[in-house]
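Here are my notes for a first look at this one. Keep the picture open while you read.

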Amino acid sequence: MGTGFEFKCKNCNYKLSVNLGIGFRYPYLCNSILDEMKSGKMGKDFQEKANNIKNPAVYVPRDLYLCENCGDLRPELTIALCSPINDPKESDAPFSSVYECLEFDTYVMSYMLGTEYKKELVNEYHCKKCKTKMKKLTSYKKLKCPQCQNLLSYSKYFWD
Ligand SMILES: [Zn+2]
Ligand SMILES: [Zn+2]
């Protein structure tokens, strides 16, 4: 269900393989992350929000992060706490008894963002080498080798 990239530097043999996107254990992953948020394992901000949002859900894709200061690259899970945009309990009062019986999913797929769910809080990553806040990449073209600054070449593959 995701796209993988293999980055290679022809100059110094640097190699990085990353599976981006969402894996088949996604619903389980989201559920356990939401539990961690609620119990405070992810810090106070996530704990407060996760416990205050009605029917919270999480969006957890795997992304590639870049340190713009030292050029380090690192794949990480982006963890976003989301809230439903239209709460059926509130918008359709006559059907509320029906909706109250429904279990709400705790995971958000990318196509649901903006229509069914909105992001409330997103985690951040800092570079392990220089502590700078890392940037989430949306394009993987023209990446430079963290070791020698040579342009990285990449090939794509699919995984599930
Ligand atoms: Zn290199
Ligand atoms: Zn850095």
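1. In what sense do E3 and strand E6 (residues 80-84) pair, and over how many bridges? The pairing of E3 with E6 is antiparallel, over 3 bridges; for two strands to count as paired, DSSP has to find at least two bridges between them. One bridge to look up joins Val58 to its partner Leu81 in E6.

2. Before going on, some ground rules: this is a predicted model, where local features need pLDDT of at least 70 and side-chain atom pairs count only at pLDDT 80 or more, while totals for chains, interfaces and linings use all residues. Residues are numbered from 1 along each chain as its sequence is written, and chains are lettered from A and ligands numbered from 1 in the order in which they are written.

3. Overall, the protein has 4 helices and 9 strands, in the order β-β-α-α-β-β-β-β-α-α-β-β-β from the N terminus. These elements are DSSP runs numbered from the N terminus: helices are H or I with at least four residues, strands are E with at least two.

4. Back to the sheet: 3 strands make an open, antiparallel one in the order E3-E6-E7. Strand E3 (57-59) and strand E7 (117-122) are at the edges with a single partner strand each, so one side of each has no neighbour in the sheet. On average, neighbouring strands here are turned by 40° against each other, direction ignored. Helix H2 (residues 44-52) lies across E6 and E7, at about 150° to E7. (Axes are lines fitted to C-alpha atoms, for helices over the stretch in contact, and angles run from 0 to 180 degrees between N-to-C directions.)

5. Finally, confidence. pLDDT, the predictor's confidence in each residue from 0 to 100, averages 88 for the protein. Among the elements, H2 has the highest mean (97) and helix H4 (residues 96-101) the lowest (47). Over residues 95-101 the pLDDT is below 50.

Methods. Contact = placed C-beta atoms within 7 Å.
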